[in-house]
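Trainee: I have a model open and would like to learn how to read it. Could you take me through some features one at a time?

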Amino acid sequence: MTQEEALNILKMGHNVFLTGQAGSGKTYTLNKYIEYLKVKNIGVAVTASTGVAASHLNGRTIHSWSGIRIKDDMTDKEVSDLSKNKTLGGNFRKAKVLIIDEISMLHSFRLDLVQKILRIAKGNFEPFGGMQVVLCGDFFQLPPVTTNSDDPSEYFAFKSRSWNSMNIRVCYLESQYRNIDPVYYGILNKIRTDTVDREAVEILKSRYQKSILYDEMTRLYTHNENVDAINDVELSKLPGEPKTYFMQSSGLQKLVAELKRNCLAKEELFLKKRAVVMFVKNNFDRGYVNGTIGVVESFDEYGNPVVRSRNGNVIVALPESWGFEEGGKILAEISQVPLKLAWAISVHKSQGISLDAAEVDLSRAFEPGMGYVALSRIRTLDGLRLMGLNDVALKINAEVLEFDKELVELSEKEARTVRSMLLKEIEDMQNSFISKINPDSVGMSEQSGRV
């Protein structure tokens, strides 16, 4: 399916799963639809399962927007209290369209929880309280993170009750925009279709420890201990003594321990001038999200790190708080400068970004899809410096492979339908959807409505 066909289906108001391989233009298509909705003055909630993905859409995490935070479930009373919250309740009432990007990393039970919240908040027991829902992502990429021995693929969003309730239309984008190298694109496609052969492996191995002529090269590793070790070594190479920032905590110790376990901030953070860092919390007012990368330029008069992000913004990294609240009372809270060292980042943290060059170590890959995610971050084969590869790295989830075949068929059916329609039929359906959710938009000019 083309981007134009997908946009036509989105504008008709259908619930949609927008998918396609890495670099096929999913985010671009979402941004075009968001722009269209804003021109039509339609309230749209732009969210994603991760802060990095949300930043690409100028949105928020679904956990923050919906108020679920890190909870797995909520009672009806807790949900009712959420909808009474002035900010959250206002968000729920205004939004007519809900977009969730990087859906592969959102647990099925959390998608169901979002539906539960919206049904109660809107007083409407249609799927997601009657909102149009647009889910975007690629299940060949990383599954939801689990902290125990559970199989993470058991929690894929497509296994949720809410997924099966919303008559979802599949839009599978076919074109490739990120990886312009045809040889490299062919290798990524072989990984995706579980047809990796000796030739593909040998081409990847030809990039083993290759020198790459880039001033800055991101290093992607599968395990946090490797990431931490590399970052510690790189920090030690910088001159001077590090500044140390200690996490502060208060409240019920059991809840404090849970906050520390789920928080990406370090209990002890060591920084120096010129350190490469990543923000680990969203703060849209201050200009960063969980995943924003930059360099420590200096420290202000109070000792706070001054960070220049990769897009040139200068941000003073003030301490942030994470907490548990109930009935307006804070039960537990931790506070820390929201940074971590980032010469190296985990494969999980790399999902959704594009890189000119990267050093990638897949020698300890432990989950199907890891190799595909890491390798598909890079635009060309020449930008890859491979440090290791194991048997798991190039595997993909067998269940996802079968599900993907079904998605392709469903998308082809939707594409045939839209191609058979007259332009007037398409426009009438799109106008009908807009007038239904925003009657004031009727009569807007064609020029202002087209994107």
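Trainee: Which residues of strand S10 are on its covered face, and which are on the uncovered one?
Mentor: Keep in mind that this is a predicted model. In S10, which spans residues 268–271, Leu 269 and Leu 271 form the covered face. Glu 268 and Phe 270 are on the uncovered face.

Trainee: In what sense do S8 and S10 pair?
Mentor: Strands of a sheet pair through backbone hydrogen bonds, and the pairing is either parallel or antiparallel. Strand S8, residues 243–246, pairs with S10 in the antiparallel sense, over 4 bridges. Opposite Phe 270 of S10 stands Thr 244.

Trainee: What is the order of the strands in the open sheet of 6 strands?
Mentor: The order is S3-S2-S4-S5-S1-S6, and the pairing is parallel. Strands S3 (60–61) and S6 (169–173) are at the edges; each has a single partner strand, so one side of each has no neighbour in the sheet.

Trainee: How many bridges join S1 to S6?
Mentor: Strand S1, residues 16–20, runs parallel to S6, and 5 bridges join them. Leu 18 has Cys 171 in S6 as its bridge partner.

Trainee: Which strands does helix H2 lie across?
Mentor: Helix H2, residues 26–39, lies across S1, S2, S4, S5 and S6. H2 runs at about 160° to S4.

Trainee: Is Asp 138 buried or exposed?
Mentor: Buried means under 20% relative accessible area. Asp 138 has 2% relative accessibility, so it counts as buried. Asp 138 is in the loop between S5 and helix H8. Leaving aside residues up to four places away in sequence, Asp 138 touches several residues, including Thr 19, Lys 26, Arg 192 and Tyr 372.

Trainee: Where is Asp 150?
Mentor: Asp 150 is also in the loop between S5 and H8. With a relative accessible area of 32%, Asp 150 is partly exposed. From Asp 150 to Lys 210 there are 60 residues in sequence and 37 Å in space, C-alpha to C-alpha.

Trainee: What is the phi of Glu 102?
Mentor: Most residues other than glycine have a negative phi. Glu 102 is not a glycine, yet its phi is positive, about 50°. Glu 102 is found in the loop between S4 and helix H7, and at 9% relative accessibility it counts as buried.

Trainee: What is the phi of Asp 194, and where does Asp 194 lie?
Mentor: Asp 194 has a positive phi of about 60°, although it is not a glycine. Asp 194 lies in the loop between helices H9 and H10. Its relative accessible area is 42%, so Asp 194 is partly exposed.

Methods:
Residues are numbered from 1 along each chain as its sequence is written. This is a predicted model: local features need pLDDT of at least 70, side-chain atom pairs count only at pLDDT 80 or more; totals for chains, interfaces and linings use all residues. Side-chain values use heavy atoms; hydrogens and water are left out. Buried means under 20% relative accessible area, exposed over 50%, partly exposed in between (1.4 Å probe, protein chains only). Helices (H or I, at least four residues) and strands (E, at least two) are DSSP runs, numbered from the N terminus. Two strands pair if DSSP finds at least two bridges between them. Contact means heavy atoms within 4.5 Å. Axes are lines fitted to C-alpha atoms, for helices over the stretch in contact, and angles run from 0 to 180 degrees between N-to-C directions.
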